[in-house]
Amino acid sequence: MRNQVQLIAYADRFGGDLPGVGRLLREKFGEAFGGVHVLPFFTAYDGVDAGFDPVDHTAVDPRLGSWDDVRDLGRDLDTVVDVIVNHVSADSAQFQDVVAKGAASPWADMFLTMSTVFPVGATESDLTAIYRPRPGLPFTPVTLGGQRRLVWTTFTAAQIDIDVASPSAQAYLVSVLDTLAAAGVTLIRFDAVGYAVKTPGTTCFMTPETFAFIDRLTALARQRGLEVLVEVHSYYRRQVEIGRSVDRVYDFALPPLVLHALYTGDGGPLAAWMRIRPANAVTVLDTHDGIGVIDVGPDQTEPDRPGLLTPAQVDALVEGIHQRTDGASRQATGWAASNLDVYQVNSTFYDALGRDDHRYLAARALQFFTPGIPQVYYVGALAGHNDLDLLARTGVGRDINRHRYTDAEVDAALERPVVTALLALARFRNTLDVFDGDFSMAAEQDGRVLTLTWVDGDRRASLRVDLGAGRASLEWTADGTTRRTDDLLVSPPE
């Protein structure tokens, strides 16, 4: 996979369909992006969780295109596609067969019930130990073959957890891997894999058994030429541990730490994370989910283990986002909207920085200089605002950051100086090969100023960010000369 900036996008919300995504990237964005993570486009892409509840994970929704369109994206872009490991849609053919036939269905072993995990029953302590990023227990009563059962549903009642240890589930996951490999996909993202293994007497989240399963599934993917990105929102030390055994892991701690630094002028927590974080990361500031705070807080399963930020700092961060969005994020976060979780703040990253162009570009520069493959969410690529109209129509908190762009809106956004500067910064990151060299970071003035530097032979690139002022400057060598800009908005790097 190329060491270049990638875009994250829904096909239906950015371009209209898979061919439209390719058209926009090739015709409108030049060389700003070397890859694209197309969020779930399977049948059906518009379920209860925006495609993360596939009815058929091996089929492209015909309203969005075909596998040939996925192959076409891969002609000149690294392609990233989700493997939804933990669950399938309640409307899937497999689960509907179990609903009709119960134990007589050939798919009966594919799905988890409470008795699958607790065959002799569960104690109160067994049940309260289960970690779930939602209120309540992870069970939904469903009639299977005329018998009332408690089906395991980690996320919603429409997303049925599979038993990854069963032959049927293993065959199902292999069929998904085979399909994606045949489509020429570069990188696959293991979605919700942290919840995939349920072990009695544990939290059922990121246990030793989970790590062993990730290793096995990663080996199967690598046999098919697929690189693996693991998606887990979790305590920061687990991210470090995951990074040791997979191709790529998300740096979900980066977004809240960057916001904290730019809000307070305190780069200490960000600098501390830079010293221990996995280098084989995919860096993000925004995604289709909210801005995670669980990734920098205390261990959610062992609260006595401190996080990268103190609880008071996390509370101040959340309140800071609400203030800078004039309360819009508050309307979309926690119990205020129909959220799937309460540990993320829903807002565009641009609005979370108060629509401050200089601070936004400083944040992106920090992301691009941090070791790893940078990904930019499509709303962030266009410095998008919170979509309160969509939130009002759907009542889904995450939709505040899932705007449906028309081509005209894309064209208008591309005329804005902050977007022009961001795309120039992305091209700078893509074309300057010093980012394959050696990285170092220095904190000055009690952490108020951070300097990130890359060196490769006689080539050098250095980013200096004054966190209190929210301004960044760049100095780099190109064609044997040293160049510099002290204003990324007015004079972006060329």
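This is a predicted model: local features need pLDDT of at least 70, side-chain atom pairs count only at pLDDT 80 or more; totals for chains, interfaces and linings use all residues.
Me: Why are strand 17 (438-444) and strand 21 (481-485) said to stand at the edges?
Reply: The open sheet has five strands in the order 17-18-19-20-21, paired antiparallel. Strands 17 and 21 each have a single partner strand, so one side of each is left without a neighbour in the sheet. On average, neighbouring strands here are turned by 10° against each other, direction ignored.

Me: Which helices lie across or pack on these strands?
Reply: Helix 10 (residues 268-276) lies across strands 17 and 18, running at about 155° to strand 17. Helix 14 (residues 357-369) packs on the sheet too, touching strand 17, strand 18, strand 19 (459-466) and strand 20 (471-478). The direction of helix 14 makes about 140° with that of strand 19.

Me: What does helix 10 meet in helix 9 (residues 254-264)?
Reply: The two helices pack at about 145°, with their axes 8 Å apart. From helix 9 come Leu 254, Leu 257, Val 258, His 260 and Ala 261; they meet Pro 269, Leu 270, Trp 273 and Met 274 in helix 10.

Me: How do the residues of that contact divide into nonpolar, polar and charged?
Reply: Eight are nonpolar, one is polar and none is charged.

Technical notes: Residues are numbered from 1 along each chain as its sequence is written. Side-chain values use heavy atoms; hydrogens and water are left out. Two strands pair if DSSP finds at least two bridges between them. Helices (H or I, at least four residues) and strands (E, at least two) are DSSP runs, numbered from the N terminus. Axes are lines fitted to C-alpha atoms, for helices over the stretch in contact, and angles run from 0 to 180 degrees between N-to-C directions. Contact means heavy atoms within 4.5 Å. Ala, Val, Leu, Ile, Met, Phe, Trp, Tyr, Cys and Pro count as nonpolar, Asp, Glu, Lys and Arg as charged, and the others, Gly among them, as polar.
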